[in-house]
Amino acid sequence: MLDDLDRRLLRQLQADPGQSMAALAERAASTPSVASRRLARLREAGILRGTRAVIDWRALGYSVEVSLRFTLDKTQPNAFDEFIAAAREVPEVLEIQTFLGSVDARLAVIARDMAHYQRIYRERILTLPHIADIEALMHVARLKDAEALPL
């Protein structure tokens, strides 16, 4: 279980993952050596899986985002595995989720513009295996974009 110092360290790390160990420790009311040991323990426990750069793909010229919801033809025993493996190979697929229910999977796809999206859809998405049905949802606005946990 997490104690108060662990929570403070994780909160501060979520707020600014690029800060120095000294700054992180100071903001979490700890020392750099204690903070370093605690973060190492959290990594070993699998709680802290890493830090990453978050890139605004819109700033790089990708203006279209589409969520594609798939129902798969599950008459083949490896339908999910083959679909997921093929979807991972599409560079414009940012996220893959699987579900229980009438929708089996969702892909988040980005494209530079609608013409680029149409090419991706025709050449890469429609060729994915075991598709029974696809529903496309065009993203209009992102109203909340937070990954920080309430620690």
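Trainee: How many aromatic pairs does the structure hold?

Mentor: The model is a predicted one. One of its pairs joins the rings of Y117 and Y121, whose centres are 5.9 Å apart. The number of aromatic pairs in the structure is 2.

Trainee: Do the planes of Y117 and Y121 make the pair stacked, edge-to-face or tilted, and which of these words applies?

Mentor: Planes under 30 degrees apart count as stacked and those over 60 as edge-to-face. The planes of Y117 and Y121 stand at 35 degrees, so the pair is tilted.

Trainee: Why are Y117 and Y121 separated by about one helical turn?

Mentor: Both residues belong to helix α5, which covers residues 114-125. They are about one helical turn apart because their spacing in that helix is 4 residues.

Trainee: Is Y121 buried or partly exposed?

Mentor: Buried means under 20% relative accessible area, and exposed means over 50%. Y117, at 8%, is therefore buried. Y121 has a relative accessibility of 24%, so the word for Y121 is partly exposed.

Trainee: Where is D104 found, and is D104 buried or exposed?

Mentor: D104 is in the loop between β2 (93-98) and β3 (105-111). The limit for a buried residue is under 20% relative accessible area. With a value of 3%, D104 is therefore buried.

Trainee: Which side chain makes a polar contact with the side chain of D104?

Mentor: The side chain of D104 also reaches a backbone atom, the nitrogen of L72, at 2.6 Å. Beyond its neighbours within four places in sequence, D104 is in contact with several residues, including F70, F80 and Q97. The polar contact between side chains, at 2.8 Å, is with K74.

Trainee: Which residue lies over the face of W57?

Mentor: The distance to the ring centre of W57 is 4.5 Å. The residue lying over that face is R58.

Conventions:
Residues numbered from 1 in each chain as written. Predicted model: local features only at pLDDT ≥ 70, side-chain atom pairs only at ≥ 80, totals over all residues. Heavy atoms only, no water. Helix = DSSP H or I, 4+ residues; strand = E, 2+ residues; numbered from the N terminus. Buried < 20%, exposed > 50% of the residue type's maximum accessible area, 1.4 Å probe, protein only. Polar contact = N/O pair within 3.5 Å; in protein donor to acceptor, adjacent residues only side chain to side chain. Contact = heavy atoms within 4.5 Å. Phe/Tyr/Trp six-rings, centres within 6.5 Å; stacked < 30°, edge-to-face > 60°. Lys NZ or Arg CZ within 6 Å of the ring centre and 35° of its normal.
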